Amino acid sequence: MTAQAAFAQSNKGCSDAPVLKERGQREVFCGLTGIVWLHRKIQDAFFLVVGSRTCAHLIQSAAGVMIFAEPRFATAIMEERDLAGLADANDELDRIVGQLLERRPDIKLLFLVGSCPSEVIKLDLSRSAERLSARHSPAVRVLNYSGSGIETTFTQGEDACLASLVPELALESADSDKSLLVVGALADVVEDQFRRLFDSLGIGPVAFLPPRRSSELPSVGPHTRYLLAQPFLGDTARALEERGAKRLNAPFPLGAEGTTAWLRAAADAWGIDGDRFEAVVEAPRTRARKALEPHRFRLANKRIFFFPDSQLEIPLARFVSSELGMNPLEVGTPYLHREHLGSELAQLRSDIVLSEGQDVEKQLDRCRTSSPDLVVCGLGLANPLEAEGIATKWSIELLFTPIQGYEQAGDLAELFARPLVRRTKLEV
Amino acid sequence: MQLTLWTYEGPPHVGAMRIATAMDRVHYVLHAPQGDTYADLLFTMIERRDQRPPVTYTTFQARDLGGDTAELFKTAAKEAFDRFQPEALMVGASCTAELIQDDPGGLAAALQLPVPVVPLELPAYQKKENWGAAETFYQMVRRCAASHMPAGDWQRPARDPGRQPRCNLLGPSALGFRHRDDVTEITRLLDALGIDVHVVAPLGARPVDLARLGEADFNVVLYPEIAKTAADWLARTFKQPATTVVPIGVGATEDFIREVAEIAEIDPTTALASHQSRLPWYSRSVDSTYLTGKRVFIFGDATHAIAAARIAKDELGFEVVGLGTYSREFARDVRAVAKELGLEPLITDEYLEVERAVADAAPELVLGTQMERHIAKRLGIPSAVISAPIHVQDFPARYAPQMGFEGANVIFDTWVHPLMMGLEEHLLGMFREDFEFHDGAAPSHLSHGGASEPISVEVPLEPSSNADVMPLWAEDAERELKKIPFFVRGKARRNTEAFATERGLTAITLETLYDAKAYYSR
């Protein structure tokens, strides 16, 4: 019996489980962090944060020293005199955008990214974006979204960014056939793999949001069916629904079974029969299962504790429990989107503690008490927990590493196995 | 507004965190929105600290702004005190909380905690990290030493001759460039002089230790960026003299010994005669002749940049072709040194401006921060890191101070290592067109796998009035120019063009190139 079948027979898992809601200190990044991967993904886009020195310092610290080239992000740092009057701030912003675009004529899409201070002083970046778009059109399109910590947690920055792109998508032509839109930033290599699988299945046309270049924005409309590739895209999904697109309900493409169910959702919508589906996915699925095997051997029955971070926690908990036999103790998430995570929650054991939000000190207490074998947490907590003798996996690596799809299933499992393997190797 | 790609300094509350984290048994309650907790990773990841910084954030969100953020702060402060039981509590606001004006100081005072509460006013839209660290350290010193303050007309009595002189070491903090090892090195040096170290602060100090600062005879200011404000107050209040020489480099360390000896009224002769640095001999040994006149560009915090300039010029025989700092508070000191060197100082915190200046100066070695390391990498120039801001590799496992005589040894190795070794460089000059030994190849002791292929950065030249009459390069001259090592090629091109333009030449021939070379020969 496959893991999936076993779950199908069991109850509704965590679907109706109570959620521990916490409102204390949240040890999480803000949405500005998404710029670190979004600017690599959309290659002709520039992200200009309108914020403070703290914002600039945050992005730089989160990005480490990844200075491959002159970065396609920057901060317009507000100073004392900008806070005095709004008209002044707008003039300043216009000047800085002019300076920036003159320096970087390769930029076709500019995001003005709101921050905590710009939100608090109520600087209206949507009006600035309109004004600047008019001025710099057609060479550059200027959009805006908020990555502020008062409104967004970590990956919600990507959600806000993609949601700001949705009104820019062309309307699909009236006579167009059904099309598939895959939503959420994926590594290019993963995108290419999925594209090949959809082609073999006869599903298409397929487009991805965000695209690699701003000139390749997909069109959208009532014939669009979309699959979420990431679990943190609530606002983007809502915006797409408003444009008439319909979501294909699926778990997220993590692991052999997650990926299969995700592809299956699209196959069903396209009426692909079971034999053809099996013929296409069998080889890569077998490869993925084989890749997971050695890791399952190491990880089965290990106790794992998730601190809230990227909203990937619930799909990851499903993956490690159903495909690796691990035992999640607490699964924390900054925000629980029940609808999008429905099929994941149904596959989680009902005795897992689900927590939403955070009170980091109390959660650390719970973590220590539950003595997990592995903790998934942010960079601020990892070394201190290691020093206490608790093995950790940095959660940010789960965003910066290609983990989706069949060919990455083994890599994903390895990310969880590595900290434990390392401990067995070290004799110092 | 200021357009910023990379910042040299964080916001001032990060400076306050560096003090809180360096100290023992203090806690900092920071009114800040969700996301500002990113700063924890600076300490846990970059510095590999095994504990979280002692900081509690209120992490308010939009929904809290409509409600009572002041109450949120009070709850956070109360809970943090109950949980961590600090001996002093620092309270303050990050940039966003500054805008909502909740007055953390007043709110914390209302809690009537049984320990000193130090409110920090760090204007986030005017000031930066080092200023924040200095101000925080000063406020902590002031508050903790307040109960020991003598009357205004008090004079420090002469030291009992039966007691060894004693001093405080001020300035070492968390996230400091080699602060940990500098403290060890300077403590050893002072011990050899017969001077006791009374309190090291803020690194490792408890609030009760700050209260004892006045008991020392004088203060050693290791890092003026962090400790000068506090040291000035201690000088006024406790009549403690403070050192002004930062002991980085052999000459500066000797000057430091003399200064300390004078303040402490002891004889420095033995200490000066018996010093152990290998730098002077290494620098005089024949192998080092290839270092002569190497063009070096220096940028960092003021303390390290000034020290580097002196070492480069006087102790390694380099030619300093650029000197600058992002520490505006200490710009005057850097200007003075630049003037002595006949240079225009670069006082800026704009990364792009620094990049332009480096490219313009065409140095053979860049001494800077992690940012200049990247600039140098892009330009294909060797580099070494001398100053914060730093990254994980600036916290080496080995003992690697910058200060004192051992620090000078470390500096010699660190700066010379990225360069071509003497004979290798000469061979390169001889066999410039050798297929394996071309000018893009890395020094043979550095295996970069060919990564040193220089990336040329187009530096927009100032439009000159006679740009339209720029002389043309003859083909053979252009070919000859390519045989000049890449790191000086840009300079040679510009010199030759200037030489030709001044003489009203319309074409640059092979002859012109070598005439110009002779003209500018050093």
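This is a predicted model: local features need pLDDT of at least 70, side-chain atom pairs count only at pLDDT 80 or more; totals for chains, interfaces and linings use all residues.
**Domains of chain A**

Let's start with the overall layout. Chain A splits into domain 1 (3–26 + 288–427), domain 2 (31–152) and domain 3 (179–275).

Over in chain B, helix H8 covers residues 179–192, which is 14 residues. From first C-alpha to last it reaches 20 Å, close to the 20 Å expected at 1.5 Å a residue. Which residues of H8(B) are buried? They are His179(B), Asp181(B), Asp182(B), Val183(B), Glu185(B), Ile186(B), Leu189(B) and Leu190(B). Their cover includes helices H1 (12–22), H10 (224–238), H11 (250–264) and H18 (404–416) of chain B, along with strands S6 (166–170) and S7 (196–201) of chain B.

Just after H8(B), Gly194(B) takes a positive phi of about 80°. In the loop between S6 and H8 of chain B sits Leu175(B), which has a positive phi of about 60° although it is not a glycine. Leu175(B) counts as buried, at 9% relative accessibility.

**Salt bridges**

Searching the whole structure turns up 58 salt bridges over all chains. Here are three of them, with the N to O distance for each pair.

| Pair | N to O distance |
|---|---|
| Arg131(A) and Asp94(A) | 2.8 Å |
| Glu129(B) and Arg18(B) | 2.8 Å |
| Glu478(B) and Arg493(B) | 2.7 Å |

Take the chain A pair. The salt bridge between Arg131(A) and Asp94(A) links distant parts of the chain: Arg131(A) is in helix H7 (residues 125–136) of chain A, Asp94(A) is in helix H5 (residues 86–103) of chain A, and they are 37 residues apart. Arg131(A) is partly exposed at 29% relative accessible area, whereas Asp94(A) is buried at 11%.

Now for chain B, where Glu129(B) forms a salt bridge with Arg18(B). Glu129(B) belongs to helix H7 (residues 129–145) of chain B and Arg18(B) to helix H1 of chain B, so this pair ties together parts that are 111 residues apart in sequence. Glu129(B) is buried, with a relative accessible area of 9%, and Arg18(B) also counts as buried, at 4%.

The other chain B pair in the table is Glu478(B) with Arg493(B). Here the bridge runs from helix H20 (residues 475–481) to helix H21 (residues 486–502) of chain B, so it ties together parts that are 15 residues apart in sequence. Glu478(B) counts as partly exposed at 23% relative accessibility, and Arg493(B) counts as partly exposed at 30%.

Some charged residues form a network instead. Salt bridges link Lys41(A), Asp188(A), Glu191(A), Asp192(A) and Arg212(A).

**Nonpolar cores**

The largest nonpolar core has 207 residues, and those with the most contacts inside it are Leu48(A), Phe111(A), Phe198(A) and Phe416(A). H7(B) supplies the largest share of this core, eight residues. What does Phe198(A) touch, leaving aside its neighbours within four places in sequence? Phe198(A) is in contact with Leu180(A), Val182(A), Ile203(A), Val206(A), Leu227(A), Trp262(A), Leu263(A) and Ala266(A). Apart from that core lies another, of 57 residues, including Leu193(B), Ala264(B), Ala331(B) and Leu367(B).

**A sheet in chain B**

Chain B has an open sheet of five strands with parallel pairing, in the order S11-S10-S9-S12-S13. Strands S11 (346–347) and S13 (383–385) of chain B stand at the edges with a single partner strand each, so one side of each is left without a neighbour in the sheet. Strand S10 (residues 319–325) of chain B runs parallel to S11(B), and two bridges join them. Thr325(B) is opposite Ile347(B) in S11(B).

Most residues other than glycine have a negative phi, and most peptide bonds are trans. Against that background, the bond from Ser137(A) to Pro138(A) is cis, with omega near 0°. Pro138(A) lies in the loop between H7 and strand S5 (141–146) of chain A. The bond from Gly204(A) to Pro205(A) is cis as well, with omega near -5°. The loop holding Pro205(A) runs between helix H9 (188–201) and strand S8 (206–209) of chain A.

Finally, Lys122(A) has a positive phi near 60° and sits in the loop between helix H6 (116–120) and H7 of chain A. Is Lys122(A) buried or exposed? At 65% relative accessibility, Lys122(A) counts as exposed.

Note on methods:
Residues are numbered from 1 along each chain as its sequence is written. Chains are lettered from A and ligands numbered from 1 in the order in which they are written. Side-chain values use heavy atoms; hydrogens and water are left out. Domain bounds come from an automatic or database domain assignment. Helices (H or I, at least four residues) and strands (E, at least two) are DSSP runs, numbered from the N terminus. The expected span of a helix is 1.5 Å times one less than its number of residues. Buried means under 20% relative accessible area, exposed over 50%, partly exposed in between (1.4 Å probe, protein chains only). Contact means heavy atoms within 4.5 Å. A salt bridge is a side-chain nitrogen of Lys or Arg within 4 Å of a carboxyl oxygen of Asp or Glu. A nonpolar core is a set of buried Ala, Val, Leu, Ile, Met, Phe, Trp, Tyr and Cys residues joined through side-chain atoms within 4.5 Å. Two strands pair if DSSP finds at least two bridges between them.
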